[in-house]
Each structure stands twice: as C-alpha cells, then as structure tokens.
Amino acid sequence: MVSSRSMAVAGNLWLCVILLSSISLEGAQNRDKIYLGFQATQMGSIDTSGVFLLSNSSIFGFSFVQASGPPLYSLAVVHFRSNTVVWSANRDIPVTNSDTFDFDENGNAFLQKAGSTVWSTNTGGRGVSTIALQDSGNLVLLGKDSAVVWQSFDHPIDTLLSNQDFTQGMRLTSPGSKNLTYTLEIKSGDMILSAGYVTPQPYWSMGKDSRHLKNQNGGQVVSATMVANSWRFYDESRTLLWQFPFSGDGEPNATWIAILGKDGIISFSTLGSGGTPDYSPVKIPSDACSTPEPCDPYLVCSNGNICRCLPALTSHPNCGSGLGSPCNHSKASIDLIKAGEGIGYFALAFVSPSLNADLNGCKTSCQNNCSCLALFYQNSSGDCYLFDSIGALQGSDQNSGFVSYVKAKPTMLFKRLRRKKKTFLESLSGMPVRFSYKELQEATNNFSRKLGQGGFGSVYQGVLPDGTRLAVKKLEGMVRERKSSELRYAALEASIIITCYGKVLFEIIGGRRNYNPEETSEKSYFPLYALKMMEEGKLREILDPGLEIGERDEAVSIAIKVALACIQEDMNLRPSMLKVIQMLEGVCPVPQPLTSSQQGSRFFPSFFKPEDNSDTILAAVQLSGPR
C-alpha cells in the first residue's frame, strides 16, 4: 500500500533520472554537486520534475515536491524508486512555484517565500563551497578538503534512515494532526515518545519496551542508529547497550527508514527497488491504545481500535467534558466525576506523581487547580497524578489499579435521561406553571389592585398577556425580601409540585404509570419495585428501552433516590425544588436509602440514611401512595 508521503511525490520522478544525463540542470555545473551562486525554482526545474540534484548512483534526488496541494511545494530529499520523501527543508511552510532556493556566494543555502527566508543552513562565512547528495540520502554542505560543515542527517524532520545517527539533542516531530504533534528524542538515558500537550506527556520509552534486548547493563543511552534490521543504542563511548529488532530480514544492504506518523506511531519500512516501501509489522508502540489519541479525548480505547463513550459522560455532547479551558469556569459550574472502574491512561507509566496523599487530598488538589482536567489515584501507593490536558483513556477487563476522575460541565438530569423522540415531560399537560417576579409584577400592574389580606401576605388581582385572570399572593417577611411571589396557597402547592415531580421522574425512568394493577403484586407499584431492582443491581429490568442511557450510568440511581425523596408521605420531609435540582446536578449529596420493606408495601420505616456532613437528614418516613 502506497503511503500518503509517497503519493505526494510526482509519479514521473523516476523518468527524470533517465532524462537528467542529457538535460542541463538550472544553473548547475554537475548533476551530483551544486556550486556557489546556484539558484532554482520549481517552475525553472519543471523539465526535470523539480529535481536539480542527484546522489552519485541516482538513488536519491533533491527537488521541489508537491506539498499539500498545488501550487505549493516543499524542498525535499526523495528516494526515487519508492517515491518516498525522507527529509524536507520546509515541511510546514510550503512555497510557490516561483519562490527560490539559493546557494549564495557566501556559502549559505536558503529557501525564500515571497522574499522572506523560511529555511536556512546558516553556513555563511564557514568556508562552504559545494552541496552534494550522498547515496545514503544525506544532503551535505562541504568545505575545504570535502569536510562536512552541515548535513541533513543532523536535522531530521520525521524520518530516520539506515546508518543515520540519532543523538541526544535531536528530535523527530510528526506532521500536525488535530493540533497535536508527537516528538521522539533521547533524554535522561532513554529514547522517549511524547505528546505535545500544554505540559508534554510521554507515552512510550525504549527502556520500558519489553521487546528491546540488553547487551550490557547500566550505561546511559546518548545515541541510536539503525543497522541492518535492528535499532542499536549506544552510550557516550559508543558501547552497544540495547538492540531493538524491527524485522526478521537481516539483509545488510537494505535501506530502512523509521517514520514518526501523525498518529504518534513509529513504523519501519525498506526502500527497495520496487515501486512501494515494504513495511515491517513491528510498530512503536505496539498497541494503538497506548498512544494519546487513537480515539477522541475522553473516549475509552480498547482492543487497539475500538472507541466507546466513558459511562460517566454518556450525557455529554460527543461524550466529551463540555469544557474548553476549565479556568474559564467557576468551581461551582464544574463537576469532578468518577470515571469508572478499569480505566487507565497512556502516560501513567512514564510520569512522576504530582503528589502523594489520600484520595480526598488528591481530589481536593485537582478541584483547587483550575488547570487540572483529570486525576488518577493509585490506592496501593497513595500516588496522585494530575493532568492539565487529556487524551483518550484506556479500557481494560481488569482493574487498572487506579481510581480516576474527570472534570466536566454538569448537565441537567433530564438532558441525561433523554428519549430518542419527545420526552415524557414534553407530552404532559396541566403541570404547574412558574412565573418570574417581573412577570407577576407586570400582570398585577405592580401589585396595584389589592383583593384582600390573608396569611403570610396580601392577595392582588392580575391578568396574563393571553387574558387569563388570576389572583396573586405576595408573600411577606423573608420571602418578600427575596422579591418572590407565588400563586395562592404557595406552601401547599410547592409540596404537591415536589410530589408530582418525583412521580413524573419515576414514569420517565420506567416508561410506565407508577401504579398498574395489571402487573404482579411485586411490580404493580413502580417506586417500590424500582428501589428493589436498584438494591439487587438489576436496573435493566426497570429502564424504559427508549432511554438513551445505560443501566450502569450513575444518573439512573441518582434519579431513583431523588424521586423517592420527593414522594415521601410526610410533606415536611420532602426536599425543596432547589434541593432537588442541586441533587440532580451533583451539587449536594443524595440521601442513601437503606433497604426496601416487604414487597407490595408502601410504607418504608427508616427509609433514608442521612449522609455524613449533609444538611439533608431524612428520618423514618412513608412514601405517598400510587396514582
């Protein structure tokens, strides 16, 4: 299969090799050397398909190659037979067909775009006299006695070739993808792959790859070279420390390349005499799920290429967190959500913990740091890892040994418990209507026509915009201080609204009436049956199939607990609407039910267990009956 890099090279490059012996290269005195004063453009080299320099055996060419699309070009070293770009001077800043490559009289080689320099060897005044392209693919600038002053092998882009030394201080950088780039470099005595987040995150190292072979213990890796079919790693004295075989083919004269792709994976292939490279099955890392973005951020990667939504984020658009920069949001508007069991992360084996603490300390540290997007906590060690950027997560059938949490914008429960079509709530009629203070002020002409005086305040006549006449009681005291108005008998109606809300919530969850005499005694009263199924871990038994939500989603159990609190028999123990909303959004804790009573009963003694440090304390209660 021909790679996109190969497709970028003009298909007739090989033809130009045949033609070059009889064609005078633009300004060049010799096809395998360029001398001072040389200048070339893609347009001026069109007769040779942009090529103006060949290696001695015509294996490689130095030429203008079509980049992302015409009429843009990069200045590149190309392997002719496989049409593969192995080095580029201006990969990320392509030029037009009239922009110039210059090798000036001072010995500096540079490429201009619209008169501005986009690449240079910076070799002016260093005695450079010629440019040559070696059969190894190395572009060199030579000085006195053909000494190498500058070479492309010292400035790799995303590709390494056989016998090219990759040393400490050099770097491979992948082509950009989704604003994320990957880098390969040697540091701290190891070869490391990292993702270019705000804080770089390593995801592979040769020292931790079980496939590498040790030739000698100890030592610090400072260089690596591909020789025959293996990558060889050396210390400062050129002692061989490790080897990494990437092919079973031991052909000593084969030209291998290692390419860091835009997916963050290093692949190996030979540049043979055929039309396309011959790829090795060996890749680094070996599993795509060990790279930062085999899936979109926050999705869970498993089995190499399967992406699934994190259960805790199923309600969020595209299964994401809904956050851009968390520092642009207040702490109150962000939830720290438990990601679930068996969730890992690619960087955990390669970074140091941010701190050592208990789980609460780890969570508090993340919550107090607006840059923290996710945390991973290892129970066995107390190590806490905080990340300011997050890629794809890793799924495993076995527990990863970490507890993980992610920050996300909270969503209303009714956004999480959504139907494919119209929601149950949308189809209801006769539900209580809420009015703002301003609406009631306008309806009563600023409370100007008083009808009488009653408990807690005065009653005023009003008219809605549609002509509906109403009486409005303006409550006094503390409520008045809040400028809040409610319909007559507000306290009683508020309690009724809460009860209705709880019953409707149950009907949304189950897709059925709360009381159905045609069902068995166990199932006839749905709130009791829902509690029993929740206790037994059988929520699938009660969920409406039309809901786009899984049985393991925490929202289901939260909804059941909130609904139970709303339909308590004693109206004084029902939560306020504000408290209901806070519980659904995760702002305050939800009371934990103890156990259900005998099946079929609608009385629940000591039904709720108060939370520690919670202002929600529910005593022994009874549920209101079925409707």
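Predicted model: local features only at pLDDT ≥ 70, side-chain atom pairs only at ≥ 80, totals over all residues.
**Entry: S82.** I looked up where S82 sits and found it in the loop that runs between β5 (73-79) and β6 (84-88). I then checked its accessibility. The relative accessible area of S82 is 1%, and the cut-off for buried is under 20%, so S82 counts as buried. For side-chain partners I noted H79: the side chains of S82 and H79 form a polar contact of 2.7 Å.

**Entry: T291.** Is T291 buried or exposed? I read a relative accessibility of 3%, so T291 is buried by the under 20% cut-off. I also looked at its side chain, where a polar atom is 2.5 Å from the backbone oxygen of A288. Leaving aside residues up to four places away in sequence, I listed the contacts of T291 as Y203, D263, G264, I265, P285 and F346.

**Entry: α10.** I turned to helix α10, residues 526-535, and asked how many of its 10 residues are buried. The count is nine, and I wrote the helix down as mostly covered. I recorded the buried residues by name: F526, P527, L528, Y529, A530, L531, K532, M533 and M534. The list includes K532 as well as F526 and L528. Last, I checked what comes after the helix. G537 follows α10, and I noted a positive phi for G537, near 70°.

Notes: Residues numbered from 1 in each chain as written. Heavy atoms only, no water. Helix = DSSP H or I, 4+ residues; strand = E, 2+ residues; numbered from the N terminus. Buried < 20%, exposed > 50% of the residue type's maximum accessible area, 1.4 Å probe, protein only. Polar contact = N/O pair within 3.5 Å; in protein donor to acceptor, adjacent residues only side chain to side chain. Contact = heavy atoms within 4.5 Å.
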